[in-house]
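Student: I would like to learn how to read a model like this one. Can you take me through it feature by feature?

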Amino acid sequence: MKKSLLRAAVPLLFAAAVGRSAAAQVRPELPPTSPTQTLPPADDSLRVNLELLPDSLVAAPVPVDSVKLAWLRTPPELRDLVGDRISCFETDVPHVFNSHVLAFVRLFTERQRGYTQRVLERENLYFPLFEKYLAKYNLPTDLKYLAVVESALIPTAKSRVGATGLWQFMGPTANDLRLRRDEWVDERMNPEKATEAACKHLRYLYGVFHDWEMVLAAYNWGAGNMQKVVRRTGKKTYWEVHPSLPAETRNYVPTFTAIMYAMKYAQQHQLHSPTLKYQYAEAMDTLQLGGRAFDLTRLARACGYSDSMVLARLNPELRKPWLPHGYRPYAVQLPAAVRPALAVVDRETLFDYCRPLAELPQPVLPRPVLLAGVEPFPTRGLAVAGAAAGGHSSPPRYRRVRHTVKRGETVASVAERYEVSSAQVRRWNNLGKRSALTPRSQVVVFVPLSATQLPAGPATTSEVQALVATSNRLPLAVPARVGTSKTKLTPSETEDATEPVLTRPAATKPASAAIRATRSTSEAVASTAAANEPAPTTYTVRRGDFLEKVARTHGLTVAQLMARNKLTGEALTPGQKLNLQELASEPAAELLTATREAATAAQEPARRAARSASRSLLPAPQVHLVQPGDTLYNISRRYQGLTVEKLRELNHLQSDEVKPGQKLIVKS
């Protein structure tokens, strides 16, 4: 009985409990209030607005700050340890510890351990050099870690914006600091010169801001930009203007502090390893080149190095592993250990061996000499004479056609007619890109022969003699006018017929057939004779013609043209007639004399220019174009040995005022 009662009461009790909890979660309705009704007091529980806790599941999303997240994820013991170590730094450079610094400390000691270890390999090579110049200019020694932030101690490092070297100098800054840059040498990559220039620049920035954190930010972003931020915000310390800086500059000072901590406490973070290849400075020697051409790769082979670029890496400021002849005096850095290997040879032998391949003498190419009485282009008569002498040459693959230009024709239309390109027509006739064709002038076109038109073999001597005799007996036929339509060329339409076909009339045919055959034979021989006729014997000078152009057009030399027309000068008059045919009484001595006179006249301008150049031995003065913001003091610092007084004297200036665009002589 009791069990049955309990079974009936349990569901009732459960329903009652659930009903009360649900009723407790229902928000009570507020009584309606009128506009004139006063609000209840603030401590009324019905009017309290409950705020969601930060760890609530329905809380509004908050942007995640990676720096704060790294701070919260860092164990408190490690946070306190790093903070105590950084606060114990005895230095004037920035060593403030906060969440930004801690984030970069964990980056360099945990996630980017390989980067820090590569820097530790080069630490002993460059840090002694940095410490020497920092002590020379009375700067904090710990500024040596700035080069790690800039270039990771790589002397040839180059940023995406063009900053180069260990200290990442831009071009204008390098010019102000008198670091030389040219095609062969970039002194921004010279560790010693760049380090001294960086010390001068840091000393100048400290004189402007008097705060090392601001100095580091100005080194990264520029002194002018930092001064603008200071004027705009009215604040003077780095952490006060920190929110107003770009992202790279905001992370610059924390990165510097983190790098300094990671390298000082590298042993405690197990960053040193026996597998690292540590580099150390070695004793160096110099070799003065004195303007000679020099190749470092050949010197490395002479010294016995297996790697030919080892000496080029010891001179990182060289853009190429060799220097040309006549370059300014330059001293090559060499290890002192190679001195005994170089002492066995004399200095001249060493420089002769180390000359670059580009500077070694090259064999002179043979130059064709123009012989007196030999024409550069063989004529048709010479070709016939060669064939009569029995000379067998390869059959021609092109047919030379002389086309008379009609009104309205262009280079493109002529090229299309003969199925060649416009560039070929211009090249064959020495025409420029903008040159137009003149009506009634002649252009030469080389038409390729098809396989069926190629001759079977060279003509025999009897055939050539019969052809020449027949062409001398028959009158010359006037070639037919060439139409403008695109048709296939026939031997009667061209000037050149490679293999003319002679038709002999049969005696058994009627007279009309014999007459037609004779007429066709006459036309064929006439076309052949027209094709083999020599070039025009005279030429009438037109406006714009000169002696070299006329000679080149007709396949002659200037000396031959002057000798055949007995010209004493190269001046031509429009309408003047020039003889293009070789004179029967033209002696070889007279032609040789004319050739020498023409050569002397052609070389006279070059001799005159060389004579004038030899007179003007003084170099042209070096001029500087004034840029906005330039002063006489800034300009004088950019040029070696130039002072403000000398600059005034060279330019006859009465005051220190200069204007942009003004040209100043900086070296006479």
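**Pocket and rings**

Tutor: Let us begin with a pocket. The second largest pocket has a volume of about 1700 Å³. Keep in mind that the model is predicted.

Student: Which residues lie nearest the centre of the second largest pocket?

Tutor: Asn190, Pro191, Glu192, Lys193 and Glu317 do. They belong to a lining of 48 residues.

Student: Which elements give two or more residues to that lining?

Tutor: These are H5, helix H8 (191-209), helix H15 (310-314), strand S4 (331-335), helix H27 (644-651) and strand S10 (663-667). H5 gives the most, with six residues.

Student: How many nonpolar, polar and charged residues does the lining of the second largest pocket have?

Tutor: The lining has 24 nonpolar, ten polar and 14 charged residues.

Student: Now the rings. What describes a pair of aromatic rings?

Tutor: Two values: the distance of the centres and the angle of the planes. For pairing, the centres must lie within 6.5 Å. The count here comes to twelve aromatic pairs. One of them joins Phe127 and Phe130, at 6.1 Å centre to centre and 45 degrees between the planes. That pair is tilted.

Student: Where do Phe127 and Phe130 sit in helix H5?

Tutor: Helix H5 spans residues 113-136.

Student: Are Phe127 and Phe130 buried or exposed?

Tutor: Phe127 is buried, with a relative accessible area of 4%. Phe130 is buried too, at 0%. The cut-off for buried is under 20%.

Student: What kind of pair do Phe127 and Tyr145 form?

Tutor: Their ring centres are 5.5 Å apart and their planes stand at 90 degrees, so the pair is edge-to-face. Edge-to-face needs an angle over 60 degrees.

Student: Which parts does the pair of Phe127 and Tyr145 tie together?

Tutor: Phe127 lies in helix H5, and Tyr145 lies in helix H6 (residues 145-151). The pair therefore ties together parts 18 residues apart in sequence. Tyr145 is buried, with a relative accessible area of 4%.

Student: Which residues do ring pairs link into a cluster with Phe127?

Tutor: The cluster holds Tyr126, Phe127, Phe130, Tyr145 and Trp167.

Student: Last, charges over rings. Which ring does Arg292 lie over?

Tutor: Arg292 lies over the face of Phe351, 4.4 Å from the ring centre. The cut-off for that distance is within 6 Å. Another case is Arg298: its charged end sits over the ring of Tyr353, 4.8 Å from the centre.

Terms used:
Residues numbered from 1 in each chain as written. Predicted model: local features only at pLDDT ≥ 70, side-chain atom pairs only at ≥ 80, totals over all residues. Heavy atoms only, no water. Phe/Tyr/Trp six-rings, centres within 6.5 Å; stacked < 30°, edge-to-face > 60°. Helix = DSSP H or I, 4+ residues; strand = E, 2+ residues; numbered from the N terminus. Buried < 20%, exposed > 50% of the residue type's maximum accessible area, 1.4 Å probe, protein only. Lys NZ or Arg CZ within 6 Å of the ring centre and 35° of its normal. 1 Å grid on protein atoms, 1.4 Å probe; cavity = no way out; pocket = protein on both sides within 12 Å on 5 of 7 lines; lining within 4 Å. Points joined across faces, edges and corners; volume = space filled by probe spheres on them. Nonpolar A, V, L, I, M, F, W, Y, C, P; charged D, E, K, R; others polar.
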